[in-house]
Amino acid sequence: MSTQPESPAHYDIAVIGGGPAGLSAAVSATRLMQRTIVVEAPSPPRNAVSRGAHGLLGLDTRTPDEVRAAVWGDLRRYGLATLRSAEVTDLARDPDGGFRITASGDDGADERVWARHVVLATGVVDDHPKIPGFAECWGRSVIHCPFCVGWENRDRAWGLVHHDPDHAITAARAFRAWSGDILAIVPPDIARLDEVRAAYEAAERELVEGRVARLHHRGGELHTVELDDGRTLPRQTLLWHLTQRQVPLIGRLVASLGLAVDEGGFVTVDASRETNIPGLYAAGDLTVPMGQNALDATATGGAAATAIGRKQMFGG
């Protein structure tokens, strides 16, 4: 390993992000005898409002905090993983190989470590609309992933809120497994409105053109959607595709390292989860606009760490 004086702590793998993708990477890495550090931002995680993680074997219905506690209980038995609650502020290539990582802790002090490989598992940031009632319903009766919590919202009156025409058209015939009462809400100025209308007419599903102004609820349980023109729609669940953005670190890496992202801003990876920067991997939601759920994130985190382990064993 490199012996940089400014980086006293050395690791085989640094995982940035402690959600499902990051934890899966850490478990796989430690089982491959890789000394690992997980740096998790101290701010509440994106899934903090979730009432349960679903689809994870042996952990179904556990809250995100309970899942994290269970995984760290497993990791401590191996003795090769370290957890740091800190915000990564810089990630740079070491001239002698590997990466130099700077993180700022709760006390404001910087910590610097060195790692041979890095797995980015930072997730993404959802931009929440400033609509009365949205925050109270988010994660309960306003959802972003039907594969995550569709079962909990089954047999209810659903509304699909779309601002992207491709999402709206794709959803025209979807989600019937969970509800027989579904309508879509799109803004009147959505692009390709004629195509969207045609898709919903062919699917024999109602399309409402308008903007959501307020959500009426009881303790986070939605019962009525109010539009900006005063119309009201009795709905119990909204599937809302929010605008997303990367955490600030990813933008800095695009500028400083030339990290490649696609036209939607998502980090691009190859089949082994490696980015265009050798030794820098990415897993979880920051790489995909669709399929953002704990099960898929877990799979990609494990795949990234396994790919690193194989490279360590067999070279390449």
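1. Which residues lie nearest the centre of the second largest pocket? In this predicted model, they are His-167, Trp-240, His-241, Leu-242 and Met-290, which belong to a lining of 38 residues. Several elements give two or more residues to that lining, namely the strands β6 (124-127), β9 (182-186), β14 (237-240) and β15 (243-246), together with the helices α4 (146-149) and α5 (165-170).

2. The space in the second largest pocket comes to about 840 Å³.

3. Helix α6, which spans residues 193-202, has Leu-193, Val-196, Ala-199 and Tyr-200 as its buried residues. Viewed down the helix axis, these buried residues fall within an arc of 125°, so they line one face of α6. Asp-194 and Glu-201, on the other side of α6, are exposed.

4. The buried residues of α6 are covered by elements that include β8 (158-161), α5, β9 and β10 (206-209). Just after the helix, Glu-204 adopts a positive phi of about 55°.

5. On the cysteines, a search of the whole structure returns zero disulfides. Cys-145 has a relative accessibility of 6% and therefore counts as buried, the cut-off for that class being under 20%. Cys-148, at 23% relative accessibility, counts instead as partly exposed.

Notes
Residues numbered from 1 in each chain as written. Predicted model: local features only at pLDDT ≥ 70, side-chain atom pairs only at ≥ 80, totals over all residues. Heavy atoms only, no water. 1 Å grid on protein atoms, 1.4 Å probe; cavity = no way out; pocket = protein on both sides within 12 Å on 5 of 7 lines; lining within 4 Å. Points joined across faces, edges and corners; volume = space filled by probe spheres on them. Helix = DSSP H or I, 4+ residues; strand = E, 2+ residues; numbered from the N terminus. Disulfide = S-S within 2.5 Å. Buried < 20%, exposed > 50% of the residue type's maximum accessible area, 1.4 Å probe, protein only. Arc of directions from axis to C-beta. Contact = heavy atoms within 4.5 Å.
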